[in-house]
Structure formats: C-alpha cells, structure tokens
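Thanks for asking me to look this over. Here are my notes, written to be read beside the model.

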Amino acid sequence: MKPRKHKAAKIFFIIIFLIFGIFFVKGKLDVNTSLDEYDSKYIYVENRTSKNEVMKKNHKVKTCPASLTKIMTTIVALEHIEDLSAIAPIDVDTYKEMVNNNSSMAGFYGKEQTTYRDLLYATILSSGGEAANSLAINIAGSVENFVKLMNNKASELGLHDTHFVNPEGLHDKNQYTTAYDMAKLLDYALDNGHFRAIFTKETFNTTSTLDHPGGIVLQSTVLSKLHEVPQNGFKIIGGKSGTTYQAGQCWATLAIKDDVEYIAIVMGAELEDIKNPDNKHIKDTIKIYENLK
C-alpha cells in the first residue's frame with residue numbers, strides 16, 4: 001500500500017503546484033512581449049489588488065517627473081485641507097511665474113476666488129500650474145514650505161529616489177523620481193477617497209466666480225484622449241499626464257481588467273515637438289494593458 005500512498009501524495013502536490021502556478025502568473029505580461037517594443041524608457045506596472053509587480057523597465061532609474069509631480073501635490077494638499085469648499089484664491093505672484101514659464105494652465109486669473117476643490121480638480125485634470133502653486137500658497141504660506149511637506153511625505157512613504165523642488169513639475173535638475181516610486185505614490189494616493197474621485201473624473205465644472213460666472217469646464221488630460229482609442233478587455237478609469245522636453249511624455253494610469261485594478265507608470269517617451277506630440281506613451285500604455293494575462 002505504501003507505493004500507492006506515495007503516488008497519491010505526489011499527484012496531490014502536483015495539483016497544488018499547478019493551482020499555485022496559475023494564481024501566481026495571473027496578472028503577468030505575455031511572455032512574448034519584449035521590453036524593446038515599448039518606447040517609454042521607464043516603466044512600472046503593478047497589480048493593485050495583489051500588490052504584485054507585473055512589469056518593470058529601468059523602474060528605479062531616476063528621471064524627471066514633469067506634471068506627474070502633481071500627484072504628490074494633490075495628495076499632500078488633501079491631507080492638509082479641512083474644508084474643500086473653503087475659498088482659496090489664485091496667488092498672483094506664482095500665477096505670473098507660471099505664465100512666464102509657459103506652464104500648462106487651468107484658466108483661472110490672478111486673485112480669482114476659487115475653492116480648494118476647484119484647485120484640486122484643476123491640478124489633476126487640467127494640470128494647471130497656477131492651481132498647483134495656489135494650493136501650495138494657501139496651505140503652507142509659501143511654495144518652499146509646501147515642498148517640504150511633499151518631501152516629508154516622500155520620505156514617509158519610502159520613496160528613496162524621489163525629491164521635489166516645486167509643486168507643478170516644471171523642469172529642475174534637482175526634481176526627480178522613478179517609475180517605481182511614482183507607482184507606490186499613486187497606489188497610496190488612491191486609498192484617499194477624495195483623490196480617487198478626482199483622479200477618475202473626466203470633466204469637472206468649477207465654482208462660479210466674478211471672473212468666470214459659469215465656472216470653467218476642466219477636462220482630464222488622460223481620459224479625454226481615450227475616446228477614439230480601443231480598450232479591448234480593459235478600461236482605463238483615471239490618470240495623470242506629464243510632458244516636458246526633458247522628461248519626455250509620461251502617463252500614470254489606473255485601469256481595470258478582469259475585475260483587477262492595475263497601475264501603469266510610463267515615463268520618458270521621447271518628445272520632438274511639444275505642440276504636436278506623437279503620443280508614444282499612450283500607445284505604450286494601451287499595449288501594456290492589452291498584453292496583461
């Protein structure tokens with residue numbers, strides 16, 4: 001009887017191994033997909049449900065974050081705001097600075113009587129430089145003080161290869177992150193209900209003000225780009241874009257596939273003409289989600 005018992009035990013362990021193997025590989029990329037097929041220089045993909053790493057490419061190499069910076073700006077702001085409906089006006093000095101530096105703007109005017117909620121949505125959806133800096137001024141009194149809060153949060157989260165010098169993401173050699181750190185930051189931020197609501201919103205109408213009686217209609221720089229893009233078997237439900245010549249084209253997205261949430265960070269897709277981008281980062285993101293098995 002012993003040989004039969006050993007044979008039965010062997011079969012039992014083989015079955016367990018196969019079941020474990022199926023569970024383990026779920027959420028991995030198709031093995032036939034080469035990293036060379038992606039134009040983005042830095043990539044990190046995480047199964048947000050299991051926290052498993054799905055894909056990586058130069059994921060811990062430091063690079064410029066561009067406006068992905070505003071993910072940190074927004075979550076830090078949310079953790080210091082008591083009333084989202086409170087008035088938080090547009091700061092004049094940083095407004096002028098953003099205009100002079102050709103920052104992306106949400107469309108507010110200096111001294112406009114916006115609310116914190118307006119600024120938060122404008123920071124993520126429209127990537128407004130004036131909104132990000134006005135959050136900083138209204139919350140911390142100065143950009144410098146707010147940046148300290150950003151770096152403290154990075155340290156708290158263990159983002160060892162991340163450092164900020166401004167809240168809007170304009171290029172600075174001392175402002176850097178990695179695809180890995182950015183994924184960990186986004187994963188953390190999405191646990192905040194207000195952040196998730198903002199990040200997954202396609203449009204938002206800001207409060208009526210004297211400058212804009214009908215408010216401003218803000219559009220997600222990610223979700224608005226996906227109307228004509230096929231999403232076979234998955235759905236991108238939120239995102240943040242970032243683009244500078246130094247950082248290249250960057251996207252941080254949240255998607256659902258087979259009832260599982262995924263975060264994909266793609267950074268460093270080369271940019272030749274900022275006014276006519278080739279959207280290689282979008283193509284990479286779509287390919288990543290398509291190839292998830």
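1. A word on the model before the details. This is a predicted model, in which local features need pLDDT of at least 70 and side-chain atom pairs count only at pLDDT 80 or more, while totals for chains, interfaces and linings use all residues. Residues are numbered from 1 along each chain as its sequence is written, and side-chain values use heavy atoms, with hydrogens and water left out.

2. Let's start with helices H4 (residues 116-124) and H5 (residues 129-140), whose axes come within 8 Å and cross at roughly 140°. Helices here are DSSP runs (H or I, at least four residues), numbered from the N terminus. Axes are lines fitted to C-alpha atoms over the stretch in contact, and angles run from 0 to 180 degrees between N-to-C directions. H4 is therefore oblique to H5; angles under 35 degrees count as roughly parallel, over 145 as roughly antiparallel, 65 to 115 as roughly perpendicular and the rest as oblique.

3. Which residues make this contact? From H4 they are Tyr116, Leu119, Leu120, Ala122 and Thr123, and from H5 Ala131, Ala132, Ser134, Leu135, Asn138 and Ile139. Contact means heavy atoms within 4.5 Å. By class there are eight nonpolar, three polar and no charged residues. Ala, Val, Leu, Ile, Met, Phe, Trp, Tyr, Cys and Pro count as nonpolar, Asp, Glu, Lys and Arg as charged, and the others, Gly among them, as polar.

4. Thr94, found in helix H3 (residues 92-100), deserves a look too. Its relative accessibility is 6%, so Thr94 counts as buried (under 20% relative accessible area; exposed is over 50%, partly exposed in between, with a 1.4 Å probe and protein chains only). Leaving out residues up to four places away in sequence, Thr94 touches Asn133, Ile137 and Val143. The C-alpha atoms of Thr94 and Ala131 are separated by 9.5 Å, with the two residues 37 apart along the chain.

5. Helices H2 (residues 69-78) and H6 (residues 143-156) pack at about 100°, their axes 10 Å apart, which means H2 is roughly perpendicular to H6. Thr69, Met72, Thr73, Val76 and Ala77 of H2 meet Phe146, Leu149, Met150, Lys153 and Ala154 of H6.

6. Finally, the largest nonpolar core has 57 residues, and Met72, Leu186, Phe195 and Ile265 have the most contacts inside it. Such a core is a set of buried Ala, Val, Leu, Ile, Met, Phe, Trp, Tyr and Cys residues joined through side-chain atoms within 4.5 Å. Apart from it lies another core of 21 residues, including Ile282 and Leu292.

Methods: Helix = DSSP H or I, 4+ residues; strand = E, 2+ residues; numbered from the N terminus.
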